[in-house]
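Biologist: I am new to this structure and would like to learn how to read its features. Could you take me through them, one at a time?

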Amino acid sequence: MSMETPSLDSRVRGTAAGADIRWLGGRLMDATGGFVGALSPRMAPEQDFTPMVTRAVPEMSTSAEPEVEYEGLPQGAATSTHMLAGSVAGIMEHCLMYPIDCVKTRMQSLHPEPGARYRNVMDALRQIVRTEGVWRPIRGVNVLAVGAGPAHALYFACYEKIKFSLSDAIHPGTNSHFANGVAGCMATVIHDAIMNPAEVVKQRIQMFNSPYRGVLDCVGSTLRQEGPAAFYRSYTTQLTMNVPFQALHFMTYEYLQELLNPHRQYNPSSHVVSGALAGALAAAATTPLDVCKTLLNTQEAQTIHVIQAEAATPAGAVGAATASAPGSRHISGLGEAFRTVYRMGGVPAFFKGVQARVIYQMPSTAISWSVYEFFKYIITKRQHERRLRGDGDK
């Protein structure tokens with residue numbers, strides 16, 4: 001018996017090593033097999049020597065294990081999986097692209113000061129670093145990171161839950177573009193409710209010659225001078241912009257995934273390309289609303305001075321009283337924002353900063369989707385490994 005033990009141990013170790021190698025190979029290279037199909041080396045040792053090509057699919061339908069796909073909600077901790085992956089994706093997306101976001105905010109200014117007039121994105125970055133310091137483009141990134149974590153956690157968790165529930169109700173077992181769009185819209189309402197105050201503080205700090213020393217100074221000053229409502233003055237505009245943005249974004253992403261990744265496996269290149277193209281299209285289409293949102297968030301002083309000066313002229317005698325009223329120094333509401341943007345620059349003003357917005361959104365959404373899909377894949381895989389080890393011990 002003692003002579004046979006080393007041989008038995010070596011056979012067990014060899015079988016386990018072969019199973020691990022074939023599991024990884026099957027997961028990465030077998031495009032026709034599902035996630036569980038790649039786990040078929042758990043069969044008897046005699047079948048470990050069969051070629052990988054002959055590991056047939058029929059076995060999956062009769063297996064006692066419930067079929068679990070990468071795109072499916074993992075059993076046990078589905079919501080926490082999407083929340084963790086979404087939180088990491090949101091923080092990375094906003095922090096990595098923050099300098100471009102700073103440029104976008106400034107380029108959307110309706111009445112920029114002489115020192116804040118830029119030809120393009122690279123010219124803006126060079127001027128900001130040269131005149132205001134190397135750290136100026138990332139000033140205020142901390143408040144965005146604090147808001148992006150919980151906002152994106154709820155955003156992706158809500159999107160995944162609603163998407164699968166609606167898809168099963170409309171077309172069981174298939175992908176529904178309508179469900180993707182509705183899920184994106186519903187997730188946006190929750191996301192923006194959390195992110196809007198952070199957006200207000202961020203954009204006020206990003207503006208040229210910002211009077212605020214930091215995040216806390218901006219929050220305190222805004223509360224004292226304008227009240228808590230200032231943090232949600234642009235909420236309806238944000239929703240008006242982001243609901244069509246996210247609906248278009250998610251539908252485009254899911255459509256491109258059907259073309260580039262029909263088996264819906266973890267495919268980094270398809271996630272990057274789909275995310276970038278979806279973000280660019282949605283960003284360009286919703287730029288006019290983003291310009292209005294920036295105006296409502298920043299309450300740009302130069303623009304308000306111009307409006308008040310025009311209202312004080314004899315031709316605007318009726319508006320003069322309004323201009324001198326206590327609350328007239330604030331622009332509020334999407335309608336007033338639209339009228340102000342048009343008065344300051346006509347139709348072209350609605351597309352100020354469109355280049356910076358597209359340049360920001362393309363890598364931003366690519367980073368967000370690729371990081372989210374990566375962490376979802378890793379967390380899902382580990383959950384299945386733990387469950388399989390637990391079943392093996394029984």
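This is a predicted model: local features need pLDDT of at least 70, side-chain atom pairs count only at pLDDT 80 or more; totals for chains, interfaces and linings use all residues.

Biologist: Which residues lie nearest the centre of the largest cavity?

Modeller: Look for E93, H94, N242, Q246 and Q361, which lie nearest its centre among the 25 residues of the lining. Several helices give two or more residues to that lining: α3 (78–96), α4 (98–107), α6 (141–170), α7 (177–206), α9 (235–260), α11 (287–298) and α15 (354–393).

Biologist: And what classes of residue make up the lining of the largest cavity?

Modeller: The lining has 10 polar, eight charged and seven nonpolar residues.

Biologist: Let's take α11 as a case. What span should its 12 residues have?

Modeller: At 1.5 Å a residue, α11 should span 16 Å, and its end C-alpha atoms are 16 Å apart, so the two values agree.

Biologist: Is α11 enclosed or open to the outside?

Modeller: Count its buried residues, where buried means under 20% relative accessible area. In α11, 12 of the 12 residues are buried, so the helix is largely enclosed by the rest of the structure. Among them are P288, D290, C292, K293 and N297. α4 can be read in the same way: nine of its 10 residues are buried, so α4 too is largely enclosed. The buried residues of α4 include Y98, D101, K104 and R106. For the chain as a whole, 49% of the 394 residues count as buried.

Biologist: What comes after α11?

Modeller: Q299 follows α11, and its phi is positive, near 45°. Elsewhere, N209 and R264 are residues to look at for this angle. N209, a residue other than glycine, has a positive phi near 55°, and R264, also not a glycine, has a phi near 55°.

Biologist: Where are N209 and R264, and are they buried or exposed?

Modeller: N209 sits in the loop between α7 and α8 (215–226). With a relative accessible area of 52%, N209 is exposed, because the cut-off for exposed is over 50%. R264 is in the loop between α9 and α10 (268–285). At 16% relative accessibility, R264 counts as buried.

Biologist: Now contacts. What does S109 touch?

Modeller: Begin with its place, which is the loop between α4 and α5 (121–132). S109 has a relative accessible area of 7%, so it is buried. Leaving out residues up to four places away in sequence, S109 touches M207, E300 and K352.

Biologist: Which residues are in contact with N180?

Modeller: N180 lies in helix α7 and is buried, at 0% relative accessibility. Setting aside neighbours within four places in sequence, N180 is in contact with Y159, K163, N175, F250 and E254. N180 and E254 are 74 residues apart in sequence, and their C-alpha atoms are 7.5 Å apart.

Biologist: How far apart are H305 and H111 in sequence and in space?

Modeller: They are 194 residues apart in sequence and 10.0 Å apart in space, C-alpha to C-alpha. H305 is in helix α12 (residues 301–311) and is partly exposed, with a relative accessible area of 49%. Across the chain, residues 24 or more positions apart account for 78% of the contacts with a separation of 6 or more.

Definitions and conventions. Residues are numbered from 1 along each chain as its sequence is written. Side-chain values use heavy atoms; hydrogens and water are left out. On a 1 Å grid over the protein atoms alone, a cavity is a set of points where a 1.4 Å probe fits but cannot get out, and a pocket is an open set with protein on both sides within 12 Å along at least five of seven lines; lining residues have an atom within 4 Å of a point. Helices (H or I, at least four residues) and strands (E, at least two) are DSSP runs, numbered from the N terminus. Ala, Val, Leu, Ile, Met, Phe, Trp, Tyr, Cys and Pro count as nonpolar, Asp, Glu, Lys and Arg as charged, and the others, Gly among them, as polar. Buried means under 20% relative accessible area, exposed over 50%, partly exposed in between (1.4 Å probe, protein chains only). Contact means heavy atoms within 4.5 Å. The expected span of a helix is 1.5 Å times one less than its number of residues.
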